[in-house]
Amino acid sequence: MSKQIGDVILNVQNISLSFGGVKALADISFDVREHEIRAIIGPNGAGKSSMLNCINGVYTPQQGQITFRGQTFSHMDSHQVAVMGVARTFQNLALFKGMSVLDNIMTGRNLRMKSNLFWQALRLGPAEREEIEHRKRVEEIIDFLEIQPYRKTPVGQLPYGLQKRVDLGRALALEPQVLLLDEPMAGMNVEEKQDMCRFILDVNDEFGTTVVLIEHDMGVVMDISDRVVVLDYGKKIGDGTPDDVRNNPEVISAYLGTGH
Amino acid sequence: MGLIFAALSGNVTVILQFDTHMDTTFPRLLALHASQRPGDAALREKEYGIWQTLNWADLFIAVRQMAHVFARDGMQRGDHVVIIGANRPNLYASMLAVQVLGGIPVPLYQDAAATEYVFPIHNAEVRFAVVENQEQVDKLLEIHADCPSLARIYYDDPRGLRHYPPTLLSHLQQVLREGAALVAQQPEFVHTQIEKGQADDVAAMFFTSGTTGTAKGVVHTHRSLLDRAKAGADFDRLTHREEVLAYLPPAWIGQNIFSYAQWLCCGYVVNCPESAETVTIDLKEVGPTYYFAPPRVFEGLLTQVMIRMEDASAIKRRMFKYFMDIAREHGPRRMDGQSIGLWPSVLYGLGNGLVYGPLRNNLGLSRVRVAYTAGEAIGPDLFSFYRSIGINLKQLYGSTETAVFVCLQPDNQAYADTVGVPCNGVEIKVAENGEILVKSAGLLKGYYKNPEATAEVLSADGWYKTNDAGFIDSRGHLKIIDRVKDVGRIQGGVHDGAMFAPKYVENKLKFFPFIKEAVAYGDGRERVCVMLNIDFDAVGNWAERRNLPYAGYTDLAQKPEVYQLLLECVEKVNADLSADTLLAGSQISRFLVLHKELDADDGELTRTNKVRRGYIADKYAVLVEALYAGRSEQHIETAVKFEDGRTGSVSATLTLSDAKVFAPVGQAA
């Protein structure tokens, strides 16, 4: 592999977030470099999803700021985040179950559509040309994720592993620079996990997309990540290459516990 | 052999024109199509959801560019070139380009493990490989240390290969670009190369799957392949208007004949599916007119229809049942061109509008003019089902060594139990031991570097020993019973000395939708015992309908209810066999249901999905022993190989069951 890891694209500084008395995140800082695969790991309830939600603008942290491509925000707006080229997938799939795979991925193109609702409804002139352009891009994603057999299948009828793939496809349709993946491998069997790993690596390799992923399957994370942040009860307890993290005593005790 | 100049896609190109008689080669046929009908479609491939067409002129241009680069890279006349991948236009073009240079394409099965490629590559001293994608490149790189002769690998799909070192690899797209420059420098090159090629040159080599021992390279010349391709095409009056879907492995000679030899012979359109998983969708979109599938594909389609019918509304189910009964009664005779009477004709016509037509359309077979099945025996019910709904399904007989076409069924004489009449240019005789001998212009030149094996099957006076036992019946049709070496004898007991035809028994079992595979033992023994594999889809569905919970394959296979279900199947087979004086001794006295599916990756099936009886007997020796010892239970642990190459083990305690055998019908009287 000869991929070029670039400069810091996303910098999270001193983020704290609490819900009432519960401190979900306490003074978390880390950075993400361009073209890298950055993992956030930690046991259940460590604050991984909360972290992603702060970056994504779903939650507003009480303290701290986030710098994305040189612009600093104390609060990310989820629409603006998407416009800036950050896409995400969800831990508990948020797909339109009754719509086909094709249409679901097409919704990911929404931000890139220029013609207004009126022309789209009539499917005339520029709207039609635009739709062909978008369809082309969607077909490339379908080809990339190898879901051609299910193009016209309603998403609700697909097995879970494939739904996850469609979710990834929709995020890719945005042509993101940064992709946030919330437990992309949760609930999958070994084979599905391997497939998903390959797709994540391919996305990173083919499109140069920066990937931030949350996962609690250590094995998977260590294999595909360039750098790993470890959270435990809202605190950062480790940060570094997979090897560094693996040998960090604090991480070992958080994961293996003391006396299970 | 005249020469004409034709303008192709703006470039002035030299195109050869050759006589159409049989002294031709594949590259000459390509040149012929490209000059006579440059704008007609040659290949189609579905990409990004759209069927993309390549016409004969474009194909010729691509082949020419590839040939230039291959020659520059050092490919010479007589070089063997390995081709690995699914049916892709670029791989087809590369086979033609290799043949232009007088090289010999050796297609290999794309789903084989890397180590299985070592033998062919060594055997044929292969220096070049053309492969489909990263998966195949990885496999070849994995064995490269064992195969140092391999000097260059060309690949079609660049995905994931960008960071691979280019020392060994070339992208076919890049080859085409470089080729374009070389064509401009030497416009006459390909033309002279094509002229050098002669009909008796070796055209291709196919490694047989080898039910026994190591694979052997079957060598065919342009003449042998094209002679058979033409005989088959004449038999069914194929034209350039046929549409074919190429979805079986190109390494199998059947696919090669249907979508390569006959494609160039007739000049029809070959369609390449989008991926292996989309074949059923693509089939509907293409609507082939000439279709080939092994029995298991037809069986799979029928199972799907039946499962979906069970979920249909009550009215539809009743309509389906009513009209299928009519089809069963009158359809086959109607298909054979016999009169069925006025009232049945009216009912059949109504059924055609309401059921058969929509069903054919749903299967993607509404335009089929000629459909073939071969490779294994097809169940009579299955066979007549397709014929009864108006699909001209027929059987044929042939093998890799005979370039497929030996016997074919004429349109109006399709019987489930025969494989048809000898086609043009074929002579057949039956040897003393019941073995079928064949003579035709399509026979193999020999096994590659294996004169002993060649001498074993090819006699000095040109007869090929098929290894199949059979006879010509009263209608002049060939009927196959089993492999000669597999036909055994029962020893001891009431049926002492009776004939035992394992495949015949296995096939009868497999005709039941619930049974996926069967392996029968009985040669040199007193009784016949079988091991069965359930069909997970069919039995799973059956269980769900009966509210029978199960945890997975192994659990379902061992359910007492499933044993009862299979017992009924076994006893029906026994009743059937007892009616046959020759084979009454082959009745099954005991059986068991295996805990895992027999798999080619575990060496239990060949790559063409035929059971390897001897290997299975060794691997499951404890089970065979337990069957004959009369035990009612046996524990077994088996090593399995997963698709990614890792190994694991499965263990289970299997139930063994007795079955009722019937007194031979003849003896009872």
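**Domains and their contacts**

Author: In chain A, the domain assignment gives domain 1 (1–85 + 176–260) and domain 2 (95–174). Please keep in mind throughout that this is a predicted model.

Reader: How many residues of domain 1 of chain A are in contact with domain 2 of chain A, and which helices supply them?

Author: A contact between domains is read from both sides. Here eleven residues of domain 1 of chain A are in contact with ten residues of domain 2 of chain A. On the side of domain 1, helix H2 (78–83) and helix H7 (190–207) of chain A each supply at least two residues. H7(A) gives the most to that side, with four residues. By class, the residues of this side of domain 1 of chain A divide into nine nonpolar, one polar and one charged. The C-alpha centres of the two domains of chain A are separated by 27 Å.

Reader: What does the domain assignment give for chain B?

Author: For chain B the assignment gives domain 1 (3–213 + 244–275), domain 2 (295–484) and domain 3 (488–668). Between the C-alpha centres of domain 2 and domain 3 of chain B there are 25 Å. Eleven residues of domain 2 of chain B are in contact with twelve residues of domain 3 of chain B. On the domain 2 side, the elements that give two or more residues are helix H11 (295–310), helix H14 (380–388) and strand E23 (478–483) of chain B. The residues of that side divide into four nonpolar, three polar and four charged.

Reader: How many residues of chain B are in contact with chain A, and into which classes do they divide?

Author: As a general idea, the size of an interface is often given as the accessible area lost when the parts come together. In this structure the contact is described by residue counts: nine residues of chain B are in contact with eleven residues of chain A. The chain B side divides into two nonpolar, five polar and two charged residues.

Reader: What is the order of the strands in the open sheet of four strands in chain A, and which are the edge strands?

Author: A sheet is read by strand order, then by the sense of pairing. The order here is E2-E1-E4-E5 (chain A), and the pairing is antiparallel. Strand E2 (22–33) and strand E5 (71–73) of chain A are the edge strands, each pairing on one side only. From one strand to the next the twist averages 15°. Within the sheet, strand E1 (residues 8–19) of chain A pairs with E2(A) over eight bridges in the antiparallel sense. One example is A:Leu17, whose bridge partner in E2(A) is A:Leu25.

Reader: Which strands make up the open sheet of three strands in chain B?

Author: That sheet has the order E10-E11-E21 (chain B), again with antiparallel pairing. Its edges are strand E10 (202–207) and strand E21 (446–447) of chain B. E10(B) is joined by five bridges to strand E11 (residues 217–221) of chain B. Opposite B:Phe206 stands B:Val218 in E11(B).

Reader: How many residues lie between E22(B) and E23(B) in their hairpin?

Author: A hairpin is read from its two strands and the turn that links them. E22(B) and E23(B) have five residues between them, and B:Gly476 in the turn has a positive phi of about 85°. Five bridges join these antiparallel strands, and B:Ala469 has B:Asp482 in E23(B) as its bridge partner. Strand E22 (residues 464–472) of chain B also pairs with strand E20 (residues 435–439) of chain B, antiparallel and over three bridges. There, B:Val438 has B:Tyr464 as its partner.

Reader: At what angle do the axes of H1 and H3 of chain B cross?

Author: Helix packing is read from axis distance, crossing angle and the residues in contact. The axes of helix H1 (residues 26–36) and helix H3 (residues 89–100) of chain B come within 8 Å and cross at roughly 115°. B:Phe26, B:Pro27 and B:Leu30 of H1(B) make the contact with B:Leu96, B:Gln99 and B:Val100 of H3(B). This contact has five nonpolar, one polar and no charged residues.

Definitions and conventions: Residues are numbered from 1 along each chain as its sequence is written. Chains are lettered from A and ligands numbered from 1 in the order in which they are written. This is a predicted model: local features need pLDDT of at least 70, side-chain atom pairs count only at pLDDT 80 or more; totals for chains, interfaces and linings use all residues. Two strands pair if DSSP finds at least two bridges between them. Domain bounds come from an automatic or database domain assignment. Two residues are in contact if their C-beta atoms, placed from the backbone, lie within 7 Å. Ala, Val, Leu, Ile, Met, Phe, Trp, Tyr, Cys and Pro count as nonpolar, Asp, Glu, Lys and Arg as charged, and the others, Gly among them, as polar. Axes are lines fitted to C-alpha atoms, for helices over the stretch in contact, and angles run from 0 to 180 degrees between N-to-C directions.
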